[in-house]
Structures are given as structure tokens and as C-alpha cells.
Amino acid sequence: MGAYQVLIVGAGFAGSEAAYRLARAGVRVGLLTQSLDSVMMPFLPPKPPFPPGSLLEQAYDPGDERLWAFHARAKYLLEGEKNLHLFQATATGLLREGERVVGVDTWEGPSVAADRVVLAVGSFLGARLHLGEVEEEAGRLSEASYPDLFQHLLDLGFRFLPREASVPETPSTPGYRVRYHAFHPEEWEEATFRLPRLKGLYAVGLCVREGPYALMSQEGLRLAEHLLHELG
Ligand SMILES: Cc1cc2nc3c(=O)[nH]c(=O)nc-3n(C[C@H](O)[C@H](O)[C@H](O)COP(=O)(O)OP(=O)(O)OC[C@H]3O[C@@H](n4cnc5c(N)ncnc54)[C@H](O)[C@@H]3O)c2cc1C
């Protein structure tokens, strides 16, 4: 049995929501993310309506639209959950025993063991950010996208589709575009969240379906319900 019952890679809207719900239901959850400074970090301020009872709803403050403050409230709630371990690391590949995923390798060195692994990596697979003439390996402004996990998944035979989204200019940030990859629809089972090429592997959020924050949060909650059912 792994150290975590469920290990979620990526503390964005979908991964954080799933982790929070699972931990509150008593599941031992690891939530691994490449930067603790970007836990549940929006591109632009989230706007209601939100799924009732969600972490997104709890972290939202209509009187405070600062992105940093929204992130800080969400991180505070996640860190207060006793069954949830939020930590900083960058997943570079999947640890496998035969056809089963048993954890992840990290860029920092230590591997992390788990019974089930969820990829919730948003717009960070093979991502390029375009800002005017500048092109960077980044999944959002000021956040690098490292090539290892995407290359590892390609090496395992996973197929992807290219995607693109843009952020309009605001008084404090320039407009920019992000090109990234999402799993090919044939790689993902919508009802179970499984990536059936390997056992014990799941995906949620923008890396499998497009949509706004509220949908990402809703999908995180739906994944949690599915895993709670599987775990009995
Ligand atoms: C450019 C752009 C702008 C958007 N703007 C909006 C908007 O204004 N409003 C809206 O409603 N929706 C917007 N969306 C759509 C979508 O709702 C958001 O992208 C949302 O953040 C997706 O949630 P997520 O949980 O799937 O991914 P994210 O919130 O992006 O979270 C993914 C997390 O995974 C982490 N991660 C990635 N790779 C690794 C790794 N190898 N190891 C560890 N951690 C890793 C990242 O650090 C990140 O924290 C936008 C999408 C894009 C691409």
C-alpha cells in the first residue's frame, strides 16, 4: 500500500477541489505541486456562480478580487485539512509496477508512492507562452512548464491534442496566449476519469476538458465522489 491513498499532481482548480473533498471524507491525500506560490492561482478573478460547498466558493471573497489573496485563502484552507499533505515538487514521470501506476518520480529526487495517481496539470503539458514577440516554456505568466512529464507520457504512447487559450490585457498585466496539450479524448474515460492505458491512473481538469474555473471545480468534486465510491 502506498504512502497516500490518492496522490494528486497539480494544485490548480480541479486538483485542489478533489483533494479537499477527499481529505474531508477521511482519505489520505497527497497534493503535489510544482510551486506553492501558485496553488489554485487564477488567470483572472473567478466570478460566481460556483458549485455549492466547493473550495472555490469558500475561497471567494466578493470584496477582494486580488488574485494573490484568492490563492492565499484557498491554500490556507487546504493546509488546514489534517488528511491532506500539500507539498512542493515537480512530477517528471510515473512510477510503475507492470501495468499499474504506484506513484511518481520527481525532479527534486525522492519518488512519491501512492495507491492511485491523478494528473491535474492544467495547461502545463508541452506548454508555450506567447507575449508579444517573446515565447517561453510556461503554462501561465511567471510559471515555468517543465518538459519531463510530457515527454515521459509521450514515451509511454499517450496521445494529445494541441490547445490554445488567451488572457486579455488588464491594468496590471499584459495580454498573452498559452499553447499547451490535452490528452486525446480516446485516452480518457469521462465517467471514471481513468486513463486506461495504465491501471491506477486518472486525469481531471483542463488537461482533459476545456472550461471555466467553476467547471474545473465541479469536475474535481465529481472525481472525488467517484474515488470515494471506488475506495468503498
Ligand atoms: C491561458 C488561460 C487562461 C484562462 N483564463 C480563464 C479565466 O480567466 N477564467 C476561467 O474561468 N477560466 C480560465 N481558463 C480555463 C481554466 O478554467 C483554467 O485554466 C483553470 O486554471 C484550469 O484548472 P486546472 O486545475 O485544470 O489547472 P491549473 O489551475 O492550471 O492547475 C494546474 C497545476 O498543476 C501544476 N503542475 C503542472 N505540471 C506539474 C508537474 N509536472 N508537477 C507538479 N505540478 C504540476 C501547476 O503548477 C498548476 O498549479 C484559462 C485557461 C488558460 C490556459
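The largest cavity is lined by P45, P46, Y60, D61, D64, E65, R66, F70 and R73. In this predicted model, local features need pLDDT of at least 70 and side-chain atom pairs count only at pLDDT 80 or more, whereas totals for chains, interfaces and linings use all residues. Residues are numbered from 1 along each chain as its sequence is written, and side-chain values use heavy atoms, without hydrogens and water.

On a 1 Å grid over the protein atoms alone, a cavity is a set of points where a 1.4 Å probe fits but cannot get out; a pocket is an open set with protein on both sides within 12 Å along at least five of seven lines, and lining residues have an atom within 4 Å of a point. Grid points are joined across faces, edges and corners, and a volume is the space filled by probe spheres set on them. One cavity of 30 Å³ or more is found in the whole structure.

The linings are divided into nonpolar (Ala, Val, Leu, Ile, Met, Phe, Trp, Tyr, Cys, Pro), charged (Asp, Glu, Lys, Arg) and polar residues (the others, Gly among them).

| Space | Volume | Lining by class |
|---|---|---|
| Largest cavity | about 60 Å³ | four nonpolar, no polar, five charged |
| Largest pocket | about 810 Å³ | 25 nonpolar, 15 polar, four charged |
| Second largest pocket | about 420 Å³ | ten nonpolar, six polar, three charged |

Of the 19 residues lining the second largest pocket, P42, F43, L67, L141 and T173 are the closest to its centre. The largest pocket has 44 lining residues, with V121, G122, S123, F124 and R140 nearest its centre.
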